[in-house]
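Take a look at the structure below.

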Amino acid sequence: MITSTAAQMADALAKGETTSVQLTQAHLDRIAEVDVQVKAFLHVDSEGALAQAADVDARRAKGEKLSAIAGVPLALKDVLAQKGVPTTAGSKILQGWRPPYDSTVVTKLKDAGVVIMGKTNMDEFAMGSSTENSGYGPTFNPWDLTRTPGGSSGGSSAAVSSFEAPLAIGSDTGGSIRQPAALTGIVGVRPTYGAVSRYGLIAYSSSLDQAGPFGRTVLDTALLHEVIAGHDAKDATSINAPVPAVVAAAKSGNVKGMKIGVIKQLQGEGYQKGVQTRFDESLQLLASLGAEIVEVDCPSFEYALAAYYLIAPSECSSNLARFDAMRYGLRTGDVEGASAEAVMSATRDAGFGREVKRRIILGTYALSSGYYDAYYGSAQKIRTLIIQDYAKAFVQADVLVSPTAPTTAYKIGEKVDDPMAMYLGDVATIPVNLAGICGMSLPAGLADEDKLPVGFQIMAPAMQDQRLYQAGAALESALLSKWGAPLLSQAPALKGAK
Amino acid sequence: MSSLSRDDVAKLAGLARIEMTESELVELSSQFGMILDAVARVQEMDLSGVKATSHPQPLENVARPDVVLPSLSPEDALSGAPAQEESRFRVPQILGEAE
């Protein structure tokens with residue numbers, strides 16, 4: 001049952017072949033069995049999940065009209081506030097905090113009857129690309145437990161790829177949904193900026209952050225996308241427009257006549273051979289399905305990484321000022337006579353990890369007078385050039401494509417002491433965030449040299465998210481015929497797996 | 001090659017209100033040169049006449065009608081407080097002088 005797709009599970013629920021309680025229990029059992037090794041979850045809310053499942057079953061029994069994925073269980077990235085459930089964003093500074101309110105994403109999931117099983121591990125405050133920056137230890141890639149599942153939404157990607165959950169929510173500030181999806185052989189989408197409410201999403205870099213769906217298929221991901229997207233008055237940057245028809249696009253999957261642009265700057269040198277090979281093959285498959293392949297030039301993308309690592313740290317240095325030890329979260333050093341400032345400084349030292357401190361300091365530097373124009377100011381201008389490059393490219397092509405990440409999953413510990421090497425892994429995903437557009441990663445096969453998953457990235461203009469699903473579904477179906485079975489069936493069985 | 005001394009890092013840490021150990025300061029200052037060199041690439045391009053983008057959406061200020069909506073109760077708002085007293089957040093002294 002747990003290896004089915006979310007769409008199949010929803011179908012079985014609708015036909016009365018199973019109940020949400022049974023389905024949820026099966027996944028909770030799987031978590032109990034394999035999460036000792038994978039460590040995808042920071043908190044499993046068995047009681048809450050089963051109560052929610054029983055409620056959906058009761059509503060179904062009464063004949064209520066339910067959402068397409070009502071009763072299907074899900075794993076939630078710990079960056080989203082869920083009322084009464086521990087929410088830490090992977091940081092010690094929020095250990096034990098239970099939010100007094102639900103994020104809009106959680107409200108929408110609950111309204112749709114999607115069962116939230118627990119909170120998944122992540123790089124602290126979503127700062128990282130491997131989940132090793134979590135204050136609670138790393139998550140392990142189900143394909144090879146010595147490797148990272150990517151990040152920052154590595155707990156969510158590992159949960160879905162290890163069949164602990166059919167669906168998961170992540171957040172993507174510089175690639176944190178797409179890159180972990182690529183490294184674990186699943187589908188992940190970063191929706192258009194403003195398409196999914198950020199209300200209750202613990203902020204890292206507000207102009208870049210966006211929550212989005214993970215699934216094992218393009219259709220499953222679309223079904224979840226549709227549930228969480230939509231205008232929200234509680235988020236001033238939320239787009240007030242209808243949700244693109246992502247589910248219909250995922251069901252159609254036709255690329256005949258679609259123009260697909262290959263970004264010259266995001267391939268070749270610096271990309272692992274097996275990654276490039278699988279990417280090129282996927283491109284040929286799309287061409288064989290009737291898509292027209294063109295090459296597009298985005299010269300300013302060469303500076304995207306530099307711009308991102310100024311903009312994101314600058315925004316984070318401001319956003320994370322809220323962790324001041326006064327209203328919630330950790331407080332240390334509150335001894336008689338200690339000033340608020342001393343308590344705040346001691347708390348932030350004890351509560352923040354290395355990478356968070358590094359980015360706050362970098363952002364503080366980039367925003368300081370005398371350096372502002374040269375660093376943050378220049379980065380903002382590069383951002384404009386990247387938006388212009390995309391605009392020109394989208395005149396030539398309906399969607400743009402690249403490998404999602406330059407390499408397959410690397411060993412845990414391999415890059416942890418070399419921040420620049422870690423940052424380079426985001427080179428292909430970052431431009432999407434800077435421009436506020438949407439992107440998807442879907443599995444393109446395994447690299448020959450290490451037999452690890454490779455991700456194929458599709459990008460589309462703002463609020464044209466349906467194009468991702470249209471092209472993604474076409475490629476997925478062609479690859480599936482080629483492989484004969486889903487890619488995840490090639491993943492090694494985890495100990496204890498039935 | 002850019003660099004940031006241990007004292008520079010200590011000053012920034014002070015501004016960011018993060019107490020740091022000596023080893024953290026030394027480690028950060030040794031990593032910063034490389035990071036600054038990488039991000040300084042934004043200065044390589046000719047950016048004269050290019051407008052800055054602070055946000056991906058061309059949004060104006062978003063306002064809503066000025067009506068009272070449900071919000072957190074005092075109990076909920078205080079539920080995560082490290083310390084509280086008489087339905088208020090209790091905080092360390094902020095003005096430097098004793099009470």
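Start with a residue pair: Arg190(A) stands opposite Gly439(A), a residue of strand β10(A). The model is predicted. Strand β5 of chain A covers residues 187-190. Its neighbours are listed here.

| Strand paired with β5(A) | Residues | Sense | Bridges |
|---|---|---|---|
| β6(A) | 211-215 | antiparallel | two bridges |
| β10(A) | 438-446 | antiparallel | three bridges |

On the β6(A) side, Gly188(A) has Phe214(A) as its bridge partner. Is β5(A) covered or open on its faces? Both faces are covered. Val187(A) and Val189(A) are buried on one side. Gly188(A) and Arg190(A) are buried on the other.

Next comes the core. Nonpolar side chains tend to be buried together in soluble globular proteins. Here the largest nonpolar core holds 178 residues. Which members touch the most others? They are Ile69(A), Leu74(A), Ala307(A) and Leu310(A). Helix α10 of chain A, residues 304-319, gives the most to this core, with ten residues.

Leu310(A) leads on to the other chain. Leaving aside neighbours within four places in sequence, Leu310(A) is in contact with Val39(B) and Val42(B), among others. Its contacts in chain A are Ala366(A), Tyr375(A), Tyr376(A) and Ala379(A).

Now the whole contact between the chains. Chain A brings 56 residues and chain B brings 44. On the chain B side, α1 (6-15), α2 (22-39) and α3 (74-77) each give two or more residues. The most come from α2(B), with six. By class, this side has 28 nonpolar, ten polar and six charged residues.

How values were computed
Residues numbered from 1 in each chain as written. Chains lettered and ligands numbered in written order. Predicted model: local features only at pLDDT ≥ 70, side-chain atom pairs only at ≥ 80, totals over all residues. Contact = placed C-beta atoms within 7 Å. Helix = DSSP H or I, 4+ residues; strand = E, 2+ residues; numbered from the N terminus. Nonpolar A, V, L, I, M, F, W, Y, C, P; charged D, E, K, R; others polar. Core = buried A, V, L, I, M, F, W, Y, C linked by C-beta atoms within 7 Å. Buried ≥ 20, exposed ≤ 12 C-beta atoms within 10 Å, placed from the backbone. Pairing = 2+ DSSP bridges.
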